[in-house]
Amino acid sequence: MKASTRLTCFGFLFLFFGWRSGLMAQTETLSLSRCLALAAQNSFRLQAGEAEVQAAGGAYRVELARYLPQVAAGLAHNQLFYQQYNYRQQVGQALLDWSAGDWLLKTADIQKKNLLAQQANREQTYLEITHRVAQLYVSILQKQVNREVLQNRFNLLNEHLQISQALWQAGTRTQLDILQTQSAINQLQEEMLAAELEADNLRQELAKRLNLPDYRSFRLREFPERFFQMDSLSNLALQQNPLLTSLRFQYEAQQLRLREVQAARLPHVQLTGGYFLDRDPTANGNSWQVGAGLQFPLLRWGLGKSQQQEIRAVARALQLQQAEISRELQIKLDQLSERTKKLWKIYQVEETRFETNRQLLQLATANYQAGLITNLEYLTAQKELAENELTKQETRLDYLLNLIEIYTLTNQTAKIAQLQGE
């Protein structure tokens, strides 16, 4: 080979591996907490919730402004026509109107409770996003484990196929062993492709939620092998669940609306003052005017009573909704707690079983090569070990996913990052 040709080949290889290294460098490793932060940052639902909180804050400030006197100004012009003469009248006047009932009964507290309810709703939206992203994260890791287990089994089957072909050529085994092994490899390839498709679908959804340009441009950080113990139920506070908090604030807001009905029955204090410009030639001329008064509501046609009935009915409905949701959340929490305890025990059993199956496969490999067992017996032992390994890893990730569900249910999102040591 000529020197120039060798240099060209080396240059091409250098560029190729440099380009490949560049692609690998662009692949970002994401932790669960990083994924949650990106999902919250790019969530339209969370942005809408923030806008609703700002709107509720504006409504609260509007109601606070009603505690202060409302001042208005007016100008008027009158042209009067008499038989003997005509003249003009002009008036400039300021009006101060103060709703004493709103100030005395603090009706703005209603909007304050609505503001707190909207903040709780926004927090509930964040928990729902957290739950879905964590579910996707763990599911992708499960598919990744599945792919690794299948790949390891695929490599073992290929090695076994080479051994079967050598034994067939030596006349100690029949061609049936080769065909059985090839059939197992083909079936395994189908499973690997199906698992890859499911993993791609999950990664695409996660990439969309995180606003990442390509679902292949990131890796997910693994959870540590050690198990995290679940907190006891006595430390789990459903009272911190934002859905229940929102309903509680809504109920309190309805109760405060009774003050609003009472405030409407109290008088308004009004003060007026202005300058009266009178062009009547027979009158005394221009003058200043000052007035004070109280405005009482008289006949409201049962409006207050009907409003009270409506408020009490809505408050009762909210109270019952809160009781029902609290019961449903408690049922779900108890189920998650019990399932998490069972998963821990199952994992311990599967670890023991995995060690037994590993030894069984080693023995089956030696016995097959010695002609003591059939090919199907060997394939069965290999398949059981792979399925056992997959089940063990999936149980570990299911355990972590249950912990995440418990933390989101009880609004303990800070503990989710601790699952990866952050």
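The following paragraphs describe a predicted protein model, first as a whole chain and then through selected residues.

The model is predicted, so local features are reported at a pLDDT of at least 70 and side-chain atom pairs at a pLDDT of 80 or more, while totals for chains, interfaces and linings use all residues. Residues are numbered from 1 along each chain as its sequence is written, and side-chain values use heavy atoms, with hydrogens and water left out.

The chain contains ten helices and six strands. These elements are DSSP runs numbered from the N terminus, a helix being H or I over at least four residues and a strand being E over at least two. The radius of gyration of the chain is 38 Å, well over the 22 Å given by the globule rule for 422 residues, and the chain is therefore more spread out than a compact globule. Here the radius is taken over C-alpha atoms, and the rule is 2.2 Å times the number of residues to the power 0.38. The C-alpha trace spans about 140 × 65 × 35 Å along its principal axes.

Of the 422 residues in the chain, 36% are buried. A residue is buried under 20% relative accessible area, exposed over 50% and partly exposed in between, with a 1.4 Å probe and protein chains only. The accessible surface of the chain comes to about 25100 Å², and carbon and sulfur atoms account for 55% of it; such areas come from the Shrake-Rupley method with a 1.4 Å probe, and for residues only the protein chains shown count as cover. Among contacts in the chain with a separation of 6 or more, 81% join residues 24 or more positions apart, a contact being heavy atoms within 4.5 Å.

Charged side chains comprise 45 positive and 42 negative ones, and the centres of the two sets lie 5 Å apart. Lys and Arg count as positive and Asp and Glu as negative, whereas His and the chain ends are not counted. Each charge is placed at NZ of Lys, CZ of Arg, CG of Asp or CD of Glu.

Helix 8 covers residues 303-369 and includes T340. T340 counts as buried because its relative accessibility is 1%. The side chain of T340 reaches the backbone oxygen of L336 at 2.6 Å. This is a polar contact, defined as a pair of N or O atoms within 3.5 Å; within protein, one atom must be able to donate a hydrogen and the other to accept it, and residues adjacent in sequence count only if both atoms are side-chain atoms.

L329 is also placed in helix 8. With a relative accessible area of 12%, L329 is buried. Although L329 and L238 are 91 residues apart in sequence, their C-alpha atoms are 7.7 Å apart in space. Beyond residues up to four places away in sequence, L329 touches L238, N241, L244 and L409.

Helix 9 contains E405, which is buried, with a relative accessible area of 17%. Not counting residues up to four places away in sequence, E405 touches H131, K332 and L336. The C-alpha atoms of E405 and L127 are 9.6 Å apart, while the two residues are separated by 278 residues in sequence.

Among the strands, strand 3 (residues 86-99) holds R88. R88 counts as partly exposed because its relative accessibility is 39%. Leaving aside neighbours within four places in sequence, R88 is in contact with H77, N78, Q79, L277, D278 and R279. One of these, H77, lies eleven residues from R88 along the chain, with 7.3 Å between their C-alpha atoms.

N42 is located between helix 2 (32-41) and helix 3 (44-65) and is partly exposed at a relative accessible area of 22%. Residues up to four places away aside, N42 touches Q47, R209, L210 and N211; the side chains of N42 and N211 are joined by a polar contact of 3.2 Å. By contrast, the C-alpha atoms of N42 and Q70, 28 residues apart along the chain, are separated by 42 Å.

K106 occupies the loop between helix 4 (100-105) and helix 5 (109-170). K106 is partly exposed, with a relative accessible area of 35%, and has a positive phi of about 55° although it is not a glycine. N411, in the loop between helix 9 (375-409) and helix 10 (414-418), likewise has a positive phi, near 60°, in a residue other than glycine.
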